[in-house]
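The following exercises are to be worked through with the sequence and the model at hand. Each task is followed by a solution in steps.

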Amino acid sequence: MAATMIPGPTGATRLFAIVGDPIAQVKAPSLLNPLFHQHGVDAVMVAVHTRPEHLARVIRGLQAMDNLDGMLLTIPHKFAACEFADELSLAVQISGSTNAIRRSAGGRWEAENFDGLGFVRGVQRAGYLLAGVRVLLAGGGGAGSAIAVALLQAGVCMLYLQEPDRDKAQRLLTRLNQQWPGRATLAGPLELASAQMVINATPLGLVEQDPLPIDVAALSAGTLVADIIMQPAQTRLLLAAQAAGHPVHPGVHMLSEQMVCYRDFFQF
């Protein structure tokens, strides 16, 4: 503990929380607390296990704490948490989800979503181009919706959305096409073969018994296969894609890039 955190939180220590259900899988505290220590910031991040029926009470309680400067949101709270912010970024407005909320100098709460930006920066840092690329995205949840926004901002020419909940998919596509007309649509059977990049933004892969979210056999040669799941690092999807000769991109890159975003957003 002493090697990664300030030597004992005091009354002057600033607090941050990550809120989710479940919470045991989150990595943000183990990554951000060493950064606080490294940069001499008197702050600590703690994980807060919050069930959906208690979300409003927990978030309002956290916001009432004068020494809490911000919070991260993870599954399944990224959509519902938007209502607890006073100001929403463009990414939050279009995706409908947030994964970071901070207290401004004036006391207002500002919501942002770095899932998409972190994913895009990770792909670009790995040397892959996005401008003009056809992408199939599996999953229109909190992370998937933010990734969809960031991909279109990065210049992908067409985004195919594979989302079994058609109402959720249509709501997201409506918002995306208001900002980027004609560049996002539902994925059909032929889109897997035409996509140059496919992304798993669903929870499928967290458990070994999960079915594959994407039919690897239907992909064209050379299609980049990306997964945002971070544990396990090599999901069944990535292993299957690699065995079929496709380049792969694991979820750890998205998390690494988000750490930089969080430092800027929370100003430490």
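**Exercise 1. Salt bridges**

R14 and D69 form a salt bridge, their closest N and O atoms being 2.8 Å apart; the term denotes a side-chain nitrogen of Lys or Arg within 4 Å of a carboxyl oxygen of Asp or Glu. The model is a predicted one, in which local features need pLDDT of at least 70 and side-chain atom pairs count only at pLDDT 80 or more, while totals for chains, interfaces and linings use all residues. Residues are numbered from 1 along each chain as its sequence is written, and side-chain values use heavy atoms, with hydrogens and water left out.

Solution. 

Step 1. Strands (E, at least two residues) and helices (H or I, at least four) are DSSP runs, numbered from the N terminus.

Step 2. R14 is partly exposed, with a relative accessible area of 30%, and D69 is partly exposed at 22%. Buried means under 20% relative accessible area, exposed over 50%, and partly exposed in between (1.4 Å probe, protein chains only).

Step 3. R51 is in the loop between β2 and α2 (55-63) and D21 in the loop between β1 and α1 (28-38), 30 residues apart. R51 is partly exposed, at 43% relative accessible area.

Step 4. D115 is buried, with a relative accessible area of 3%, and K78 is buried at 10%.

Step 5. A search of the whole structure finds six salt bridges.

**Exercise 2. A buried residue without a salt bridge**

Task: Which side chain of opposite charge is nearest to E112, and with which side chain does E112 make a polar contact?

Solution. 

Step 1. E112 lies in strand β6 (residues 109-112).

Step 2. E112 is buried yet has no salt bridge, the nearest side chain of opposite charge being R102, 7.5 Å away. In assigning charge, Lys and Arg count as positive and Asp and Glu as negative; His and the chain ends are not counted.

Step 3. The side chain of E112 makes a polar contact with that of S89, at 2.7 Å. Such a contact is a pair of N or O atoms within 3.5 Å; within protein, one must be able to donate a hydrogen and the other to accept it, and residues adjacent in sequence count only if both atoms are side-chain atoms.

Step 4. Residues up to four places away in sequence not being counted, E112 touches S89, A91, V92, T98, N99, A100 and F265. Contact means heavy atoms within 4.5 Å.

**Exercise 3. Aromatic pairs and helix α4**

Task: Classify the ring pair of F114 and Y262, and list the elements against which the buried residues of α4 pack.

Solution. 

Step 1. The structure holds seven aromatic pairs. Rings of Phe, Tyr and Trp (its six-membered ring) pair if their centres lie within 6.5 Å; planes under 30 degrees apart count as stacked, over 60 as edge-to-face and the rest as tilted.

Step 2. The ring centres of F114 and Y262 are 5.8 Å apart and the planes stand at 80 degrees, so the pair is edge-to-face. F114 lies in the loop between β6 and α4 and Y262 in helix α9, so the pair ties together parts that are 148 residues apart in sequence. Both F114 and Y262 are buried.

Step 3. The buried residues of helix α4 (residues 115-125) are D115, G116, G118, F119, V120, G122 and V123. They pack against α5 (142-153), β10 (197-200), β11 (224-227), β12 (248-249) and α9 (252-266).
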